[in-house]
Amino acid sequence: METKSMKRALSAVLGLSALLWTSTAYAAHPASVAGNWNAVGNQTTGTLAIVQAASAATCKPISGSIFGAGTTIQGSYCPSTGRIVFARRNAAGVPFQIYEGYVARDALRDRMGGTFMVWNAAGGGLANEGVDFNFSAIK
């Protein structure tokens, strides 16, 4: 009888340990993506500066800039899923790059990764139409 109790206790401890290990390994999504990120987009490095507006909406509006002056970004970030989408616009306000990806937080920093597509002023792809490029950022 004691052997069965010991086996059950050991099984419970192992099961609980596995549950705790998997829950601590999960990377959560930050509530806000506001701030300056170190970004890389198709081998171009620079700053992704994001302002996240206060909003009661599920997905929060974001704006800012990426890779220097002369261009702006506008889009949204959904804290519940970690999904981020934004358009990079030229000085005239015309979108020429569309970024989409996900954001997660681990014990050390916030991380963002995804893809972007290049668009021309007419709203279509350039000579490399349909090609997605990688991007990532850390904060």
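A disulfide is a pair of cysteine sulfur atoms within 2.5 Å. In general terms, a disulfide is a covalent bond between the sulfur atoms of two cysteines.

This model is predicted: local features need pLDDT of at least 70, side-chain atom pairs count only at pLDDT 80 or more, and totals for chains, interfaces and linings use all residues. Residues are numbered from 1 along each chain as its sequence is written, and side-chain values use heavy atoms, with hydrogens and water left out.

**Stop 1: the disulfide**

Select C59 and C78. They form a disulfide, and their sulfur atoms are 1.8 Å apart. A search of the whole structure finds 1 disulfide. Look along the S-S bond of C59 and C78: the torsion about that bond is about 100°, so the disulfide is right-handed.

Now show the strands (E, at least two residues; like helices, which are H or I with at least four, they are DSSP runs numbered from the N terminus). C59 lies in the loop between β2 (44-52) and β3 (60-66), and C78 lies in strand β4 (residues 72-78), so the pair ties together parts that are 19 residues apart in sequence.

Is C78 buried or exposed? The scale runs as follows: buried means under 20% relative accessible area, exposed means over 50%, and partly exposed is in between (1.4 Å probe, protein chains only). C78 has a relative accessible area of 11%, so C78 is buried. C59, at 31%, is partly exposed.

**Stop 2: Q52**

Select Q52, which lies in strand β2. Its relative accessible area is 18%, so Q52 is buried.

Next, show polar contacts (N or O atoms within 3.5 Å; within protein, one must be able to donate a hydrogen and the other to accept it, and residues adjacent in sequence count only if both atoms are side-chain atoms). The side chain of Q52 makes such a contact with the side chain of S32, at 3.5 Å. A polar atom of the Q52 side chain also lies 3.2 Å from the backbone oxygen of A31.

**Stop 3: strand β1 and its partners**

Select strand β1 (residues 35-41). Two strands pair if DSSP finds at least two bridges between them. Strand β1 pairs with β2 in the antiparallel sense over 7 bridges. Within this pairing, A39 stands opposite G46 in β2. The hairpin of β1 and β2 has 2 residues between the strands, and N42 there takes a positive phi near 50°.

Which strand pairs with β1 over 4 bridges? It is β8, again in the antiparallel sense. G41 has F135 in β8 as its bridge partner.

**Stop 4: the aromatic rings**

Rings of Phe, Tyr and Trp (its six-membered ring) pair if their centres lie within 6.5 Å; planes under 30 degrees apart count as stacked, over 60 as edge-to-face and the rest as tilted. The structure holds 5 aromatic pairs.

Begin with F86 and Y99. Their ring centres are 4.7 Å apart and their planes are at 10°, so the pair is stacked. F86 is in strand β5 (residues 83-89) and Y99 in strand β6 (residues 95-105), 13 residues apart. Y99 counts as buried, at 1% relative accessibility.

Finish with F86 and F135, an edge-to-face pair at 6.3 Å centre to centre, with 75° between the planes. F86 lies in β5 and F135 in β8 (residues 132-138), so this pair ties together parts 49 residues apart in sequence. Both F86 and F135 are buried.
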